[in-house]
Amino acid sequence: MADMYVRKKRMTEKMLDVARAVNANPGVKKLIPYNFILNYSNRCNFQCPHCFAGASSSEPIDSKLTINDIKSLGNQADELGIYEVDIQGGEPLLFPNLFEILEALGTERFYTYITTNGWLMTQKLANKLAKAGVDRVSVSIDSFSAEEHDRFRMKEGSFDRAVKALEYIKNAGMKPFINVVIGHYNAQSDELRVFCENMLSKNYGIAFNCATPTGNWHCNYDIMMTPDDTKCIEELRAKNKEIIRDLWNYFNISNQLNRGCPSVNLFYINPFGDVLPCPYIQARIGNILEQPLKEILEYGFSFKELNTYSSKCSAGENFEFAKNYMSKETSIMNPIPVTAFFK
């Protein structure tokens, strides 16, 4: 992976610029967009009970974005200094034109990664993804127990396929990461600690994603992390630097400072071109088919709920925020205008 910084000089340049800007003012939130998530299609071969996107195979969503739209998005993101792109779904390995999308984005300019359930991964596909400029593949795993993971994912054999997918990814020369959803139900468990130790021993990275009362868990506030839960995962982080979370500032050498809630700076685009401040704040701040990306992000950042520094995930750890705003009928595929969301 070290040669990535040499091969992708433009990405490295942008990453260093973001690092300097973030470290210059810790505890202050500025508009420094660095990452976007592209949900090109919400079609999925799983129906997980916690899916924030409400993805499904029974209600597939055809993308309204053309390859030219993707090229324009990549160019605009590059001009704004964004250095990361995460391709999600649904399940991105179901996209028939995944490699066209990667080419259109211009992977040589971005740290490019894909988030998948791993079911469809093969060694041949992993090799092809690496050749197309993908740097990391994150595979979602929810439990060290195969039985528990399969039950949670509602798909027998999903754990074994996910583990094999990680091996294929590593063999292809990409960085294998495990996506783990963290909530009140598992943050303090011994199983989580054992799971992390086991996966890290295999040289896999781990990304914590906050459980939020959205999508299939709409208004389920019981899953949200408490301060004690957050303390537990912070302790795990202190012992294991290969565990990352969007709120944490991994540009800081001591790895102790928080970047804070990344809304707007890490934005989300759905198959219709709607831009959301983040995957969990399901409000529309604009549409890339109608406006320049720069204008959309500046507009989103004008709202105090989105431009005020918070060391917590607004959607997954701030109960007041969640109950005030996230009880509204909104979704990834049908986000309401941001003015209505914060009313």
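In this predicted model, R136 lies over the face of F177, at 4.2 Å from the ring centre. A second ring is also involved: the charged end of R136 sits over Y113, 3.9 Å from the centre of that ring.

A search of the whole structure finds 17 aromatic pairs. One of them joins F46 and W119 edge-to-face, with 5.9 Å centre to centre and 75° between the planes. This pair links distant parts of the chain, 73 residues apart: F46 belongs to the loop between β1 and α3, and W119 to the loop between β3 and α5. F46 counts as buried because its relative accessibility is 3%, and W119, at 17%, is buried as well. Y325 and F341, by contrast, form a stacked pair, 6.2 Å centre to centre with 25° between the planes. Here helix α12, which holds Y325, is linked to helix α13, which holds F341, across 16 residues. Y325 is buried at 14% relative accessibility, and F341 at 1%. Both belong to a cluster in which ring pairs link Y299, F303, F321, Y325, F341 and F342.

I70, L73, G74, A77 and D78 are buried; they lie on the same side of α3 because they cover an arc of only 130° around the axis. On the other side, N68 and E79 are exposed. The cover over the buried residues includes α2, β1, α4, β8 and α10. After α3 comes G81, with a positive phi near 85°.

Key
Residues are numbered from 1 along each chain as its sequence is written. This is a predicted model: local features need pLDDT of at least 70, side-chain atom pairs count only at pLDDT 80 or more; totals for chains, interfaces and linings use all residues. Side-chain values use heavy atoms; hydrogens and water are left out. Buried means under 20% relative accessible area, exposed over 50%, partly exposed in between (1.4 Å probe, protein chains only). Helices (H or I, at least four residues) and strands (E, at least two) are DSSP runs, numbered from the N terminus. The arc is that of the directions from the helix axis to the C-beta atoms. Contact means heavy atoms within 4.5 Å. Rings of Phe, Tyr and Trp (its six-membered ring) pair if their centres lie within 6.5 Å; planes under 30 degrees apart count as stacked, over 60 as edge-to-face and the rest as tilted. A charge sits over a ring if NZ of Lys or CZ of Arg is within 6 Å of the ring centre and within 35 degrees of the ring normal.
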